[in-house]
Amino acid sequence: MFAGAERVADRYFTVLAATNGTDAARLGLAISRRAAKRAVDRNRIKRLIRESFRHQRPALPPVDIVVMARPTAPAATSEELARALDTLWQRLVKRCAVSSRS
RNA sequence: GGAGUCGGCCAGACAGUCGCUGCCGGUUAGCCGGCGGAGGAAAGUCCGGGCUCCACAGGGCAGGGUGCCAGGUAACGCCUGGGAGGUGUGAGCCUACGGAAAGUGCCACAGAAAACGAACCGCCGAUGGCCCUUCGGGGUACAGGUAAGGGUGAAAAGGUGCGGUAAGAGCGCACCGCGCGACUGGCAACAGUUCGCGGCACGGUAAACCCCACCCGGAGCAAGACCAAAUAGGGGAGCAUUGGCGUGGCCCGCGUCGCUCCCGGGUAGGUCGCUACAGGCGUGCGGUGACGCGCGUCGCAGAUGAAUGGCUGUCCUCGACAGAACCCGGCUUAUCGGCCGGCUCCCUUG
């Protein structure tokens, strides 16, 4: 999963994606205690990612995605994180399209 | 009205919509409907208990914990009431609050001395010695007496006054304080000071060792129980027996290899444990209270990559600290703002 996956990142998240052989996208979360010390922050970040993924799922290619939070994420507002995720999904879609053509 | 103190409570609200999840019902079966879905600390994991497995005849030692008394409790290092000491004008608040006349150790610096009860300065020098003498006495870097004064220290051997004396001293007396015993009140801790005895002996330190009393088996839900592939291996029965290989000169026998079935252990994975109770609310009774008993009533998260959220609108006082993971009782720590009640002090008015 980690080897040979497409990778996009910004200051809040690192996103990995790899073709999974099914017909729909699947999501995995990796929010470490090191990235977000408080349980409340970890839960908030996970919920935001799930919600964003749920909205974007029809537009995504059939890949397994792992979203990892970075230590800057807990300090950001929910709106900032939601915008960041939208951008990341779009970049991911483009990247996968390119790699599947090549 | 202001200041303070103690106790209790709330933790944005409502609507729409899209989702997640547990249970129940339906079902045209990865669909629909209904109901439920984080906290007062869910946190720290510091104590106590339930539950589970392991160990265990009984007793002792070691180790750890607790430590004024009584009560509450399943239990506690918690809570309630009381006592003592400290603190605040007060309501209140704080206290590792057993034992130092069992033993051992320690008490820095300063100071003469920090403890088998002490002379540095000072005071005295009555008594004995020495010197002088006008024979009245005087002097003394002698022996010695002395804890009143100075000084050191966190702490210096009861305090004040009078008597007393050479100077002093519980040496004597009065009052205060202290110790021991009796008595009285109280379950007790303790108090009273009524009485007697003792002139007073017992410096502090036990978060120093220690002594005394009481308590404590270990590990934790990844506890533990059940179901159970694939692969490898184990045990048993049967089949093939005219088989191959090994042992052996050969036969029997023994070992091993094949096929079928059964059994047990056990990994992945799954299920249970998993939420109903030392339970919440109301009420009556008992108790100063913590709490207990009775009756009625309610059903109140159960996830397992781990749910409890996103968006929109309206309103307000613009929302802190923070997220369950087997379950309870406490303690501690974090916390925007607000509400209710008891009590205290000060000011003003009547």
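User: With which side chain does the side chain of D64 make a polar contact?

Analyst: A polar contact is a pair of N or O atoms within 3.5 Å; within protein, one must be able to donate a hydrogen and the other to accept it, and residues adjacent in sequence count only if both atoms are side-chain atoms. In this predicted model, local features need pLDDT of at least 70 and side-chain atom pairs count only at pLDDT 80 or more, while totals for chains, interfaces and linings use all residues. Residues are numbered from 1 along each chain as its sequence is written, chains are lettered from A and ligands numbered from 1 in the order in which they are written, and side-chain values use heavy atoms, with hydrogens and water left out. Here the side chain of D64 makes its polar contact with the side chain of R26, at 2.8 Å.

User: Where is D64 found, and is D64 buried or exposed?

Analyst: Helices (H or I, at least four residues) and strands (E, at least two) are DSSP runs, numbered from the N terminus, and D64 is found in strand 4, which covers residues 63-69. A residue is called buried under 20% relative accessible area, exposed over 50% and partly exposed in between, with a 1.4 Å probe and protein chains only. D64 counts as buried because its relative accessibility is 17%.

User: In what order do the elements of chain A run?

Analyst: Chain A has 2 helices and 4 strands, which run β-β-β-α-β-α from the N terminus on. Of its 102 residues, 38% count as buried. Contact means heavy atoms within 4.5 Å, and among the contacts in chain A between residues at least 6 apart in sequence, 78% join residues at least 24 apart.

User: Which residues touch the most other members of the largest nonpolar core?

Analyst: A nonpolar core is a set of buried Ala, Val, Leu, Ile, Met, Phe, Trp, Tyr and Cys residues joined through side-chain atoms within 4.5 Å. The largest one holds 26 residues, of which F13, I45, I65, W89 and L92 touch the most other members. Two or more residues each come from strand 2 (13-19), helix 1, strand 4 and helix 2 (78-101), and helix 2 gives the most, with 7 residues. Beyond four places in sequence, F13 touches residues including I45, V67, L81 and L88.

User: What is Q56 in contact with, leaving aside its neighbours within four places in sequence?

Analyst: Q56, which has its place in helix 1, is in contact with D86 and W89 once those neighbours are left aside. Q56 counts as partly exposed because its relative accessible area is 24%. Q56 and D86 are 30 residues apart in sequence, and their C-alpha atoms are 8.1 Å apart in space.
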